[in-house]
Amino acid sequence: MDRLVPVYVLTGFLGSGKTTLLNRILDEARTDGQKVAVLLNEVGDANVEGALLGKDVPMAEMLGGCICCTIRADLGMELAKLARDHRPDAIWIETTGIAQPLEVMDSVTEASLYEKLELKGVVAVADARHLLDRVRVGAGKTYRLMREQLTAASFVILNKADLVGAAELDELKRLIGGWNPSASLVVTVRAQLEPDLIYAGVRGAEPAAGRSRPACSPGCAHDHEHEHEHDADPGGQIGAGHEQVGVLTHYLSGPVDSAAFEQWVAGLPESVYRSKGIVTFRDTGSRFLFQYAYRESDFLKISPQGTVHDVLVLIGEQIPRDLLVRQLERLTDA
């Protein structure tokens, strides 16, 4: 069975420093001998930033629209193709600055139906000066979108910290902590941090042995004491606190009984508000595309071409991951 390829979403409003951070991630991967693929999304028809990432980077470009709305349906296929053609150690998606993160997360999970992929986390970058200005206004589409991006993240980078004062920085940290108490929070200048810190924060693990913590730039108020205090839950849970969205991806080891599966779906906790997947029913010998939303489920009989794995993806708040995995394992073992 092919190994799972982890997928990370990089979000943040226009000009926050996403591409600078992505370059740091790619440079570190080259040093470590790791292959990181990138999916870049631009609203315009030209990909200016892609040229900055290097010709050695496996890349897919999605231009002319936002992956959370106008070209959302194409995302799953592009991700699956990246994984199939290059078998990278990880895939990073840099969204356009106006993308709504929850819609992107839902789109990314579609790719799990086609290829062995797992959404590991959402990394949000915020421009400290811009965010502070929007907070002062306290309304408007940009403010709401910036807050959405930060609230959906499992790892938050408060960038350009040299452009605000110490008291203002503390105010922003408290504000973000209130919006998203489960996310790891790091303060940077010019997105200067060691990428391993991001992977550790998303996975809820300590940085790899032998790695030092990132050196702070002048003016950086990097909160070393608390940077791991609210790490994400391992294994794909994106923020385990109040109102934090989690994703559970589980590949089934075999077919299941249709009646037992429908009973399991009916018993899903209310905190699971979206699910999708491909299942094989042993009592009918058929495969189905499964969709679940707003306590309603739907099954569509399919005959996929090529290798398509049986998989379930669940999205919700405070997902009881271990319990649901045990229940699914019992269904396949029965």
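1. The charged end of Lys-116 sits over the ring of Tyr-251, 4.7 Å from the ring centre (the cut-off is NZ of Lys or CZ of Arg within 6 Å of the centre and within 35 degrees of the ring normal). Bear in mind that this is a predicted model, where local features need pLDDT of at least 70, side-chain atom pairs count only at pLDDT 80 or more, and totals for chains, interfaces and linings use all residues. Residues are numbered from 1 along each chain as its sequence is written, and side-chain values use heavy atoms, leaving out hydrogens and water.

2. The whole structure has 12 aromatic pairs (Phe, Tyr and Trp rings, the six-membered one for Trp, with centres within 6.5 Å; planes under 30 degrees apart are stacked, over 60 edge-to-face, the rest tilted). Phe-261 and Trp-264 make a tilted one, at 5.7 Å between centres and 35° between planes. They are 3 residues apart in helix H8 (residues 258-266), so about one helical turn separates them (helices are DSSP runs of H or I, at least four residues; strands are runs of E, at least two; both numbered from the N terminus).

3. Phe-261 and Trp-264 are both buried (under 20% relative accessible area; exposed is over 50%, partly exposed in between; 1.4 Å probe, protein chains only). Phe-281 and Phe-288 form another tilted pair, with centres 5.2 Å apart and planes at 40°. Phe-281 is buried at 4%, and Phe-288 at 15%.

4. Over in helix H4 (residues 128-137), the buried residues include His-130, Leu-131 and Leu-132. Gly-138 follows H4 with a positive phi, near 75°.
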